[in-house]
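Please look over the sequence and the fold shown here, and then follow the account below, which moves from the chain as a whole to its core and its aromatic rings.

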Amino acid sequence: TPQRIIKRLKASPEENEGAVLSADGERVFIRSNRDGTGLFLYAESFTAETASELCDKTEALIAKAMEEEGGN
């Protein structure tokens, strides 16, 4: 489930039913969709290019977490 994936990412919990991964003034807010079948990523950075790269990195972390989850 999305919540289990978020826990695997070791993201910091947020009060708005999501979590945050952050470093160096950049952050990605992660939350599940209403159906609980997917994740939304909201990236904040100084440039759009960096935000895009941040999303790419987070997607890779999610894919790895999903692979690990599937192995259990």
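The pLDDT is the predictor's confidence in each residue, on a scale from 0 to 100. This is a predicted model, and its protein chain averages a pLDDT of 84, with 94% of the residues scoring at least 70. Among the elements of the chain, strand E4 (residues 39–44) has the highest mean pLDDT, 89, whereas strand E1 (residues 12–14) has the lowest, 78.

The secondary structure consists of two helices and four strands, and reading along the sequence gives the pattern α-β-β-β-β-α. The C-alpha atoms fill a box of roughly 35 × 25 × 20 Å along the principal axes. The radius of gyration is 12 Å, which agrees with the value near 11 Å that a compact globule of 72 residues would have. Of the contacts with a separation of 6 or more, 33% are accounted for by residues 24 or more positions apart.

Turning from the overall dimensions to burial, buried residues make up 29% of the 72 residues in the chain, while the accessible surface comes to about 5200 Å², of which 47% belongs to carbon and sulfur atoms. In soluble globular proteins, nonpolar side chains tend to be buried together. Here the largest nonpolar core has eleven residues, namely Ile5, Ile6, Leu9, Ala11, Ala19, Leu21, Val28, Ile30, Leu54, Ile62 and Ala65. The elements that give two or more residues to this core are helix H1 (2–8), strand E2 (18–23), strand E3 (26–32) and helix H2 (48–70), and the largest share, three residues, comes from H2. Leu9, one of the core residues, touches Leu21, Ile30, Leu61, Ile62 and Ala65 when residues up to four places away in sequence are not counted.

The structure holds two aromatic pairs, one of which is formed by Phe29 and Tyr42 and is tilted, with 6.1 Å centre to centre and 35° between the planes. Because Phe29 lies in strand E3 and Tyr42 in strand E4, this pair ties together parts that are 13 residues apart in sequence. Are the two partners buried or partly exposed? Phe29 has a relative accessibility of 15% and therefore counts as buried, since buried means under 20% relative accessible area, whereas Tyr42, with a relative accessible area of 40%, is partly exposed. Ring pairs link Phe29 and Tyr42 with Phe40 into a cluster.

Notes: Residues numbered from 1 in each chain as written. Predicted model: local features only at pLDDT ≥ 70, side-chain atom pairs only at ≥ 80, totals over all residues. Heavy atoms only, no water. Core = buried A, V, L, I, M, F, W, Y, C linked by side-chain atoms within 4.5 Å. Buried < 20%, exposed > 50% of the residue type's maximum accessible area, 1.4 Å probe, protein only. Contact = heavy atoms within 4.5 Å. Rg over C-alpha atoms; globule rule 2.2 N^0.38 Å. Areas by Shrake-Rupley, 256 points an atom, 1.4 Å probe, with all protein chains shown as cover. Phe/Tyr/Trp six-rings, centres within 6.5 Å; stacked < 30°, edge-to-face > 60°.
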